[in-house]
Amino acid sequence: MTEQIIVAGFGGQGVLLAGQILAYAGMEEGKNVSWFPSYGPEMRGGTANCNVVISSDEVASPVVVDADCAIVMNKASLMQFEKNVKPGGYLIVNTDLVDIKPTRDDIKVIDIAANKIAESAGSIKAANMVILGAYNACKNVVENKTIIKCLEKIMGERKKHLIPMNEKAIELGKEAALAQL
Amino acid sequence: MAKELMKGNEAIAEAAVKAGCKAFFGYPITPQNQIPEYMSRRMPQIGGAFVQAESEVAAINMVYGAAGAGARVMTSSSSPGISLKQEGISYIACAELPCVIVNIVRSGPGLGGILPSQGDYFQATRGGGHGDYRLIVLAPASVQEAADLVMDGFDLADKYRIPVMVLGDGMIGQMMEPVEFQERPAVELPEKDWAATGWDGKSRDRAIVNSLYIEADVMSEVNKKLKAKYDEIEKNEVRVQNFMTDDADYVIVAFGTIARIAKNAVLKAREQGIKVGLVRPITLWPFPADAVDKISRQVKGMLVVEMNQGQMLEDVRLASEGRVPVAFYGTTGGIIPAPDDIVAELVKMKEGK
Amino acid sequence: MAKVFEKTKMLTDVPFHYCPGCTHGIVHRLVAECIEELGMQDKTIGVAPVGCAVFAYNYFNCDMMEAAHGRAPAVATGIKRVSPESLVFTYQGDGDLASIGMAEIVHAAARSEKITTIFINNAIYGMTGGQMAPTTLVGQVTTTSPLGRNEETQGRPVNVAEMLATINGAYYVERTSSHDVPNIIKTKKAIKKAFQYQMEGRGFSLVEVLSTCPTNWGLSPVESMGWLKENMIPQYPLGVTKDLGAAKEGDAV
């Protein structure tokens, strides 16, 4: 089993963190993982993306060219990464910030209003968690409960009070995706 | 100890701390900034020294001072900064001071770009600065290996009194992977009785840390002594990893992160029925010439893959002595080769194109 | 018979290679005497420059390191940071410190590194054969200013002691001279004070010592002393340019 994921958006949407949590959760579940961020000049307020590989074998390349799933949090990311999804793979689109439709018909497109759903969970900042929930509904490579455990670890005591809200965001994201599967 | 998910740069820094590094001197340059940033937090916690120097030139000379005073010391930079350090590295090599220098290579020449590259292979393996010297050059392919090689690097540096370079690239510096810092058996290392620590006039000779030898015969003796040391290192310290080479008709030779991608290509090519293996030099100097020589007697062709325009290629050609065709596939500018591109090169090679 | 003079143990018995009339030897002795008088023989680590004093490691009878050209303050920083109990000094000339090593000296001062620099200013590159230095006087003839230093094309002298006094991190900076006995005595006092400040952990200190270069100036040793006095001192006035310890000492009295 090797799962290759691209998570993309713009700075501040938490796409790098979302990718890290996936990698972390994979590691916690005993898989081999890698996380590789874009670190070009675009990291200053522009687009941000990362490649995550979760595998039962040694991770050969941390660079994802053919993604099993691409998560695109804004329009620029859709335009950049739609082509990188493997035929039959998933493209998860944050429709709140993407006003165009994907052009390919050989991939599965999941539309998630991540910003609105996050707001209903308690904060727009949890849009990255909504999208993680949606991803897990599609792929289930790592368990939701592992993701929560990793969140607790990363957030620490100081931000512990935010866990229930994030948990809710993940749950709502999952439901939104399941409705389309 | 439990596995942690760490950025390569941070794992390199923590590995140095675990190896007993007591001083770090650096200067900001992308994509290695997490190393000095980490050290600026970590060194005060362990009673070590951290200085953000005014330049890479100053930083490497601080390394010279701290190493000359007997401390385990490290510096890190990226390509343009490493060029600036070359003066100091040459002095360190001649004065036989142990230290670890990390180069998280970016693309060049000139200011170049900040994306991954292997364009500093020549500079690293040929000494880099002026004069007749070598560094031990270690090329990690994973974050775990980067951490391990940094720790080994300190021991090698002390054992041979030589600067050790860990040659990574932007990919290994920036990526996160699980790392485990294992307890390591204590290595017996020579006493640093040559270090300048203050002289009481009796317990040892007066320490003079120096690289100036005006008289021809004296300088020549120093050169011979260095050469003897380099010979010893070539004999003892070569590291190389072979992957699926036993039945291989072709091999890829690649180092560092590119070897991972090449490994992927090996598996893909085998799915297409091409029996390919991978030879991955871990020490770039000393270069695993024997391993390359040996495999060149078994295979029909070799493909060198690098993120440059063909540098290790020369060492592979030297070691294989024209026995088989040695082809090359390289990417530059920060473009990372894709496994399929490498497979396509293998197909071409097999078809004799 | 009463002994009136004894050579300091902090100098080796190796004969100096310096030219006749050059004041490097005098300043070496002063530095060595100060180390001995302060009881720091076994705690001193010196850093030699590139320039005429390149062989200083053969003369100072303590642990020594030889630095790359201009980099002595960086090397000293590395030493001091890993052995803070040591007395660490650099001994540098004007080409080394004021030209190629300008960045290193300014930033060692800015960081207030607890090191001491002995800076020899003789207005010329000595070791390489008398080329123009940043400290060369306007109109002074050197092998690379054969018609005299032209301020239009070659600029004006760099006053290191005044410049470093403007650096917030510098603790003590003084300029002295080596051309006669009273000034040599003052030089020794300044060096000792700089070392004491370092031992007290106060901060960066530098003593600029005006020196002679009879060989490259093309003068006799005696003429050189006069030339220094008449030409260098007007450009490089003697005295303390910065002493953050002075006020404290005044308070103590």
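**Questions on a predicted model: chains A, B and C**

User: Where does A:Val141 lie in this predicted model?

Analyst: A:Val141 sits in the loop between helix 4 (127-139) and helix 5 (144-155) of chain A. The model is predicted.

User: Why is A:Val141 called buried?

Analyst: The cut-off is 20 or more other C-beta atoms within 10 Å. A:Val141 has 21 other C-beta atoms within 10 Å, so A:Val141 is buried.

User: What makes A:Glu3 and A:Ile54 contacts of A:Val141?

Analyst: A contact needs C-beta atoms, placed from the backbone, within 7 Å. A:Val141 touches A:Glu3 and A:Ile54, leaving aside residues up to four places away in sequence. On a C-alpha basis, A:Val141 and A:Gly26 are separated by 7.9 Å. These two residues are 115 residues apart along the chain.

User: Now chain B. What is the strand order of the open sheet, and how is the pairing described?

Analyst: Seven strands of chain B form the open sheet, in the order 3-2-4-5-7-6-13. The pairing is mixed.

User: Why are strand 3 and strand 13 of chain B said to stand at the edges?

Analyst: Strand 3 (49-52) and strand 13 (283-285) of chain B each have a single partner strand, so one side of each has no neighbour in the sheet. Neighbouring strands of this sheet are turned by 20 degrees against each other on average, direction ignored.

User: How do you know that strand 2 and strand 3 of chain B pair?

Analyst: Pairing takes at least two bridges. Strand 2 (residues 23-26) and strand 3 of chain B are joined by four bridges, so they pair. They run parallel. B:Ala23 stands opposite B:Ala49 in strand 3 of chain B.

User: Which strands does helix 6 of chain B lie across?

Analyst: Helix 6 (residues 143-160) of chain B lies across strand 5 (99-105), strand 6 (136-138) and strand 7 (163-169) of chain B. The helix runs at about 165 degrees to strand 7 of chain B.

User: How many residues of chain C are in contact with chain B?

Analyst: 27 residues of chain C contact 34 residues of chain B. Elements giving two or more residues on the chain C side include strand 2 (63-66) and helix 3 (72-82) of chain C. Helix 3 of chain C gives the largest share, eight residues. By class, the chain C side has 14 nonpolar, six polar and seven charged residues.

User: What makes strand 9 of chain B and strand 2 of chain C a pair?

Analyst: The threshold is at least two bridges. Strand 9 (residues 208-209) of chain B and strand 2 of chain C are joined by two bridges, so they pair. The two strands run parallel. B:Val209 has C:Met65 as its bridge partner in strand 2 of chain C.

Technical notes: Residues are numbered from 1 along each chain as its sequence is written. Chains are lettered from A and ligands numbered from 1 in the order in which they are written. This is a predicted model: local features need pLDDT of at least 70, side-chain atom pairs count only at pLDDT 80 or more; totals for chains, interfaces and linings use all residues. A residue is buried if 20 or more other C-beta atoms lie within 10 Å of its own, exposed if 12 or fewer, and partly exposed in between; C-beta atoms are placed from the backbone. Two residues are in contact if their C-beta atoms, placed from the backbone, lie within 7 Å. Axes are lines fitted to C-alpha atoms, for helices over the stretch in contact, and angles run from 0 to 180 degrees between N-to-C directions. Ala, Val, Leu, Ile, Met, Phe, Trp, Tyr, Cys and Pro count as nonpolar, Asp, Glu, Lys and Arg as charged, and the others, Gly among them, as polar.
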